[in-house]
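Hello,

Here is the structure I said I would pass on. My notes on it follow below.

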Amino acid sequence: MKHLSVGIALAILAAPAVAEGDAAAGETQFGRQCVACHVIQTPDGDTLAGRNARTGPNLFGIVGEAPGAVEGFDFSDAVIAWGETGVVWDEEHFVGYVMNPTAYIREQTGDSRARAKMAYQVRDEQQARDIWAYLVSLQPAE
């Protein structure tokens, strides 16, 4: 029995990370909360979500990428510095950031003067997780 428990534990640890949100609900929330500033557009120019909003960066392929790394977008110095530490967008960083961008950047960098350019805040944690799940569902094939 002990071997079976160890085997199950190892299988769980080896399983790929799964987003805790609901991608379908995230698509709805993206349409309600994100499209005014963001687009999800492939390098070929296919728009998967949003309009031609350019206030915020294109969110296509950000999963696993460094904050501040989207080409052609003018990020705050604090976001760029945070991304240069080796951190990447995962569910926990995304949820923390979108719920309070400036406070999260300050917490992550230890700089009480750091600022994010994103002013909007997703107020509900589950909605933030759903949006993340939606972004994960649109990840480019590797």
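To start with the aromatic residues: Trp-82, Trp-89, Tyr-97 and Tyr-104 come together in one aromatic cluster. Please keep in mind that this is a predicted model.

The structure has six aromatic pairs. One of them joins Phe-73 and Phe-75, with 4.7 Å from centre to centre and 70° between the planes, an edge-to-face arrangement. Phe-73 is partly exposed, at 23% relative accessibility, whereas Phe-75 is buried, with a relative accessible area of 12%.

Trp-89 and Tyr-97, both members of the cluster, have ring centres 5.3 Å apart and planes at 65°, so this pair is edge-to-face. The cut-off behind that label is an angle over 60 degrees. Trp-89 is buried at 10% relative accessibility, and Tyr-97 is buried with a relative accessible area of 10%.

Now the cysteines. How many disulfides does the structure hold? The count is zero. Cys-34 is in no disulfide, and the nearest cysteine sulfur to its own, that of Cys-37, lies 8.6 Å away. For Cys-37, likewise in no disulfide, the nearest cysteine sulfur is that of Cys-34, at 8.6 Å.

Is Cys-34 buried or exposed? At 10% relative accessibility, Cys-34 counts as buried. Cys-37 is partly exposed, with 29% relative accessible area.

Regards

Notes:
Residues numbered from 1 in each chain as written. Predicted model: local features only at pLDDT ≥ 70, side-chain atom pairs only at ≥ 80, totals over all residues. Heavy atoms only, no water. Disulfide = S-S within 2.5 Å. Buried < 20%, exposed > 50% of the residue type's maximum accessible area, 1.4 Å probe, protein only. Phe/Tyr/Trp six-rings, centres within 6.5 Å; stacked < 30°, edge-to-face > 60°.
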